[in-house]
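Open the structure in your viewer and keep the sequence panel beside it. The stops below say what to select next and what is there.

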Amino acid sequence: MRTPVILIFDVGKTNKKVLVFDQGYRLLTEESVQLPETRDEDGFPCEDVALLTDWVKSSLEKTISRTDIQVQGINFSGYGASFVCVDQTINPVMHLCNYLKPYPSEILAEFYKLNGGIDAFSRATASPSLGNLNSGLQLFSLQKQKPDIFKKIRWALHLPQYLSSIVTNQAVSDMTSIGCHTGLWDFTTNQYHQWVKDYEIDTILPRIHRCNETIPVSLKGQQVPVGIGLHDSSAALIPYLATFHEPFVLLSTGTWNICLNPFNHSPLTIDELQQDCLSYLTFSGKPVKASRLFAGHEHEEQVLALAEKYSVRSEYFLHLTTEGTEEFHFQELPAIAYLDFMKVLVEKQEKAIRLALGDGKATRIFVDGGFSKNEIFMKLLSQRFAGCDVFAAHVAQASALGTALVIHSSWNPNPVPKDLIDLKRVSVNVKTT
């Protein structure tokens with residue numbers, strides 16, 4: 001008998017994953033690839049959309065041809081701040097813009113001058129000034145610099161919705177991608193910002209669909225509901241919202257540590273924006289106050305520097321553990337130096353978390369991702385939040401799982417399990433002196 005499953009494509013900037021969950025949301029299979037980049041019209045490295053498209057199609061064909069499973073749903077999550085501009089037949093008309101590409105300074109200055117200045121615009125759109133990371137501004141610069149290419153665009157699709165269109169051949173927009181520091185959405189009026197209409201950008205943005213909507217597609221003679229895709233950071237929050245109803249904050253860790261507070265709906269202040277705070281939109285369209293810290297990148301750089309300085313392998317630091325639960329007992333110089341660095345890093349992390357906490361009533365902090373496995377980070381963090389319960393949270397592929405859960409009713413007749421998340425409370429009784 002073939003096992004009913006959902007197929008999820010989880011496309012990160014580095015790793016592209018194909019995942020299969022059963023109806024109990026147990027991860028049955030996972031395959032990961034890294035696809036080589038290409039270069040855009042200006043010679044800057046970027047995602048190879050043609051290669052990515054071929055990978056989606058071949059992975060889909062391979063999965064639906066399996067004899068041990070029956071695909072009953074498909075959905076997509078992908079990184080944000082990235083548009084795929086397509087023609088009427090949903091074929092790309094240009095390269096995808098890498099959000100790391102420097103934004104033209106003169107066009108950026110012109111844009112903010114036309115739209116009330118950086119502070120007013122950033123506050124309205126809950127988007128710090130981030131250049132091409134404000135994906136809406138990619139369309140503005142394209143309109144200004146390359147009008148011939150711009151005229152060829154019928155639809156501008158954020159990456160998760162482009163991935164969905166590969167299977168559905170439909171152009172749609174979704175709130176999680178729009179609400180991801182794009183500069184497109186006015187959080188004060190809950191609609192597209194006026195500039196989007198003034199420059200007729202809205203004419204190339206497809207109609208907004210609800211994130212739990214699906215589009216039926218015939219595959220191997222079977223009608224399969226296909227989701228419209230979600231921004232990966234917003235998708236990662238869904239398992240927590242499905243499981244916990246009392247206020248909490250989620251610290252999702254990786255290259256960026258992003259603290260998400262779905263219970264803090266207060267408007268962003270100029271001060272918060274200047275400290276790299278922003279707002280996301282959940283799958284239901286509600287604002288989520290968030291703060292960011294480049295902690296994973298900083299940790300990686302510092303570990304390499306310490307390894308070179310003390311002539312040890314990088315893995316030495318990743319396997320450091322405390323002796324007992326009360327104190328750190330480091331005697332070796334590399335370990336002492338690493339602990340000193342981590343104290344500074346966690347101090348920065350505390351400030352970022354408190355920005356997202358605001359005056360909210362959340363008393364639980366869930367930490368997932370790489371740092372949740374770092375005992376030193378977790379114990380130092382719990383020490384700084386003695387009034388909160390700090391948990392290391394383990395979710396098998398949180399973004400992919402959230403992407404599956406959002407279309408649960410379309411493919412899964414069973415109730416959502418209550419044991420989606422494995423929590424381990426961290427002791428607050430830590431001494432570091």
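Axes here are lines fitted to C-alpha atoms, for helices over the stretch in contact, and angles run from 0 to 180 degrees between N-to-C directions. Helices (H or I, at least four residues) and strands (E, at least two) are DSSP runs, numbered from the N terminus. This is a predicted model, in which local features need pLDDT of at least 70 and side-chain atom pairs count only at pLDDT 80 or more, while totals for chains, interfaces and linings use all residues. Residues are numbered from 1 along each chain as its sequence is written, and side-chain values use heavy atoms, with hydrogens and water left out.

**Two crossing helices**

Select residues 232-243, helix α9, and residues 398-405, helix α15: their axes come within 7 Å and cross at roughly 75°. That makes α9 roughly perpendicular to α15 (the term covers 65 to 115 degrees; under 35 is roughly parallel, over 145 roughly antiparallel, and the rest oblique). On the α9 side, the contact (heavy atoms within 4.5 Å) is made by Asp232, Ala235, Ala236, Ile238 and Pro239. On the α15 side are Ala398, Ser399, Leu401, Gly402, Thr403 and Leu405.

**His231**

Next select His231, in strand β15 (residues 230-231). His231 is buried, with a relative accessible area of 3% (buried means under 20%, exposed over 50%, partly exposed in between, with a 1.4 Å probe and protein chains only). Leaving aside neighbours within four places in sequence, His231 is in contact with Gly78, Tyr79, Gly80, Pro160, Thr176, Ser177, Cys180 and Tyr280.

**Cysteines**

How many disulfides does the structure hold? It holds zero, a disulfide being a pair of cysteine sulfur atoms within 2.5 Å. Select Cys46: the nearest cysteine sulfur, that of Cys97, is 8.3 Å away. Cys46 is buried, at a relative accessible area of 0%. Then select Cys259, whose sulfur is 9.1 Å from the closest cysteine sulfur, in Cys277, too far for a bond. Cys259 is buried as well, at 1%.

**Gly358**

Go to Gly358, in the loop between α13 (333-357) and β20 (364-369). Gly358 is partly exposed, with a relative accessible area of 38%.

**The whole chain**

Finally, zoom out. The protein chain has 16 helices and 22 strands. Its C-alpha atoms fill a box of roughly 65 × 65 × 45 Å, taken along the principal axes. Of its 433 residues, 55% count as buried.
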